[in-house]
Amino acid sequence: MRYLPHTSEEIDAMLATVGAAGLDELFASVPSDCRVARPWDLPAPRSEWELNDHLRALAASMGVDEQTAVLVGAGSYHHHIPETVRALAGRSEFLTSYTPYQPEMAQGTLQAIFEYQTLTARLLGVDVVNASMYDGASALAEALLMALRVAKKKRRVAVAKAIHPHYRAVVRAYLQPAGFEIVELDTLTSGRTDLGGLAAHGDLAAVALQSPNFFGVIEDLDSAAAVVHRTDALLVAAFTEPLAYGLFKSPGACGADIVCGEGQSFGLPRSFGGPYLGMFGCKAPFTRNLPGRLVGETKDAEGRRGYVLTLATREQHIRREKATSNICSNQGLCALTAAIYMASLGGTGLRQLARLNYDRAEYLKGLLVRAGAKIVFDGPTFNEFVVEFAADFRPARERLLARNIVTGLELGDLYPELAGRYLFCVTETIDKKTMDTIAAEVAA
Amino acid sequence: MSTTNEFPGTGGLILNEPLLWHKGKKGRIGMSIPAGEVPAAAIDPLLVGEPADFPDLSEVDVVRHYTRLSQWNFGVDSGMYPLGSCTMKYNPKTNERQAATPAIAAAHPMLADELCQGTLRLLHELQTYLAAITGLDAVSLQPAAGAHGELTGMLIFHAWHRHRGAQRHKILIPDTAHGTNPASAALCGYQAVAVKSDERGMLDPALVAELMDEETAGIMLTNPNTLGLFEERIREIAAIVHAKGGLVYGDGANMNAVLGVMDAKRCGIDVLHLNLHKTFSTPHGGGGPGAGPVCVTGELEPFLPVPRVVKEGDRYRLDSDRPLSVGRIHAFHGNFGVLVRAYSYILSMGEAGLKRASQLAVLNANYVKERLKDVLHLPYDRPCMHECVFSDLKQQAQKITTLDMAKRLIDYGYHPPTIYFPLVVHGALMIEPTETECKDDLDQFIAALRAIVREAEEQPDLLRQAPQRTKVRRLDEVQAARCPCLTGPSAV
């Protein structure tokens, strides 16, 4: 096997040094009744070339491929990824290194993550951002746990129903064992969350909104912050599409206390849902309550600028059961990837790309309305919107699939009251011709 | 010693590079953006924000920046990385290619099952392989890291006890278990009860019997433990825990020692997580992403996270109709790209290859242990598994610490071992060579450590001043924590 370098002569020499007669003897401490007793029946080992063929065959069995126009987002977005992002994030000095516990040997990772923290904090409008969480969903769960820690005695949080249903499911899984209570907030006809009855829910540690929310609707975070803060709760702002903040006001600027969500849009492929990037930041007063790793700047013995992992007293390996989270490995390489993507776009490019996404989504909205469809929620949207068709959309959807276009996510499984409605997503990867084709098929 | 006496750690061409925002010029761009094609749409000006304060850089600016940064880093591809408990083995290049297969990298996670048969099949096969390898019955691939797997395991404990009608509030955690365990258990409201290992570094069933009661949900142990030793009496311990209505969690972070040897189910383990970024060769990426699949007995399968990937005839589908499930712990299917790499590794290695990997990992660790134990204190002098733990006891006379030796190793061109862990050994130096290091490279590493031990006696300042050949020297971590500077611009 090409990954195993030992020759039989070397093995013999090493066994002699160790004082063992054979390799099996090295496992003498494993009792016989703990041992593997039957074959695993794994497939025969494949050569590199056979492995290529095998994965190619798996890929060929997919109903859609990289050529398909997929107008579905729902937390996983198709944006163009520059080759530079792949090439640089794929450099093996980054890829094959461990967590930077030895900072003198990891200044590349450390400076890159410090830059990631900085750019992401500027994007989200917060003071501090950590070095990443697993994904947007677990980031939201950790944000609510953090708010409960900050609030100390409170046991309840409110979560908008317009937050991604999978994220809410993860929140339930994380909060349920400790007995925290979750109140769900309804959606108005605008697609925004109803914050009217907040006070009636009693002592809330936090209120979580997503903006743009699952329906693509931009929540009124400015007003929400005022309302939520009046109840003495923290505003947790979640997101699945950070590109929106290239155009719309950032959650931090609107007054959110903790901002968290999914960074996949920034240079990561859809890859069937992972690895993605949990972005997580907050206002300065809450820094020491943050979960996860943080990179900080310092000086070396000669006064030169350098970076280290810092404020580790919050973390599991120091605080043990009193840590702010159990997270250890995070999504470091995904954070690096997002930083390279943000650096490639720059401030000017970010605004231009976000605007392009907005314009294209609005264009399809207009076409569909002219073709007789209705936009279900009348609030402003970014990239995604919910469509109700005059007639059963399924036949047209099938015809479009035959033309390699996947149009929208049917919402009945996730929101029974929205059965038969479709969540559409348009990014810069969907061209005018494709949108015109969809509109023609809907009109037909 | 190999054919040359030169250590890898010679000084190199280390270029300076400013922070991103000290580069570039307003108006540059490093990425191609499609043409407009459609008219500009109306937008509510009250919703529009200030443009994000990002530097504008050209493509060349970006490429040079990250290339220079990468050159300040050290990875497995740069050299030996004997970081104990982290299993820094070689990360095969072909695995990267497989994960980047276009239709797989482009797969959307929310489409209908019939459009995703290839990715679902891959998940199902990987579940089957990991079940076979661990001896357990069912697997969830959702957890995104080892600690996430631990959390999933604790959620399963919690849901199982609740289903049986009586919740418990404590959990046993040996002092030789992984560091993340107590924090993972705490998320389920379990209070950690420490179990001391004996003078041989082993868990004593009598002590477990004393501590285990009907208020205790079970035990979280690591086997082989963090001293690199196999828990020989694990079956007895499991029987004690089971008799009191508890469950046994096995932290499989050290699985690289026992592939083809240990059957977790026969050991009495109910729930086990694997670290695919350790045992199954996926790259650590400077801190992640990893993957921490959870393997369970048939009895606990109903509690695994949803959705489950199931096979019906020759079709695959996602099944969420599992009323006892702990729910969802990841937005989608876990770190899928990492799973593709581990799947590729298993298919490349095959059964014999995986078993051989553990044999050679254990051989390498024992070889290093034997060749260093005359100069470094070995607190538990007995055959080890895939890692060995020394301490700085013999260097204390010169007031040289584990940290000093670790930093000096950097000058010799090696990533230091894990230091000051496990906590049960004072001044621990935990070496895990892994199977992908050859004898020549081990000999050179051993020679480097022996040279350092000599230097500790003759020129101890060389160690205290180390490292000297890196981009930066020792960094002021106290200052970093006292006055945190967590975002730019730079304070220096």
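Which are the buried residues of α7(A)?

Tutor: Bear in mind that this is a predicted model. The buried residues of α7(A) are H166(A), Y167(A), R168(A), A169(A), V170(A), V171(A), A173(A), Y174(A) and L175(A). Helix α7 of chain A covers residues 165-175. Of its 11 residues, 9 are buried, so the helix is mostly covered, given that a residue counts as buried if 20 or more other C-beta atoms lie within 10 Å of its own.

Now for the cover. From chain A, what covers these buried residues includes α6 (136-151), β3 (156-160), β4 (181-185) and β6 (234-239). Chain B takes part too, with α5 (146-163).

Follow that helix into chain B. There, α5(B) lies across β1, β4, β5 (247-252), β6 (271-274) and β7 (294-296) of chain B. Its direction is about 165 degrees to β6(B). These strands belong to an open sheet of 7 strands in chain B, ordered β1-β7-β6-β5-β4-β2-β3, and the pairing is mixed. At the edges stand β1 (138-140) and β3 (191-195) of chain B. Each has a single partner strand, so one side of each lacks a neighbour in the sheet. From one strand to the next, the twist averages 25 degrees. Strands β2 (residues 170-174) and β4 (residues 216-222) of chain B run parallel, joined by 2 bridges. L172(B) has I219(B) in β4(B) as its bridge partner.

Step back to the contact between the chains. It takes 167 residues from chain A and 174 residues from chain B. On the side of chain A that touches chain B, helix α11 (residues 332-370) of chain A gives the most, with 23 residues. That side of chain A divides into 85 nonpolar, 48 polar and 34 charged residues.

For another covered part of chain A, take strand β12 (residues 384-388). In this strand of chain A, 4 of the 5 residues are buried, so β12(A) is largely enclosed by the rest of the structure. Strand β11 (residues 374-375) of chain A pairs with β12(A) in the antiparallel sense, over 2 bridges. Here K374(A) has E388(A) in β12(A) as its bridge partner. Strand β15 (residues 422-425) of chain A is also antiparallel to β12(A), and 4 bridges join them. In that pair, V387(A) stands opposite Y422(A) of β15(A).

Note on methods
Residues are numbered from 1 along each chain as its sequence is written. Chains are lettered from A and ligands numbered from 1 in the order in which they are written. This is a predicted model: local features need pLDDT of at least 70, side-chain atom pairs count only at pLDDT 80 or more; totals for chains, interfaces and linings use all residues. A residue is buried if 20 or more other C-beta atoms lie within 10 Å of its own, exposed if 12 or fewer, and partly exposed in between; C-beta atoms are placed from the backbone. Two residues are in contact if their C-beta atoms, placed from the backbone, lie within 7 Å. Ala, Val, Leu, Ile, Met, Phe, Trp, Tyr, Cys and Pro count as nonpolar, Asp, Glu, Lys and Arg as charged, and the others, Gly among them, as polar. Two strands pair if DSSP finds at least two bridges between them. Axes are lines fitted to C-alpha atoms, for helices over the stretch in contact, and angles run from 0 to 180 degrees between N-to-C directions.
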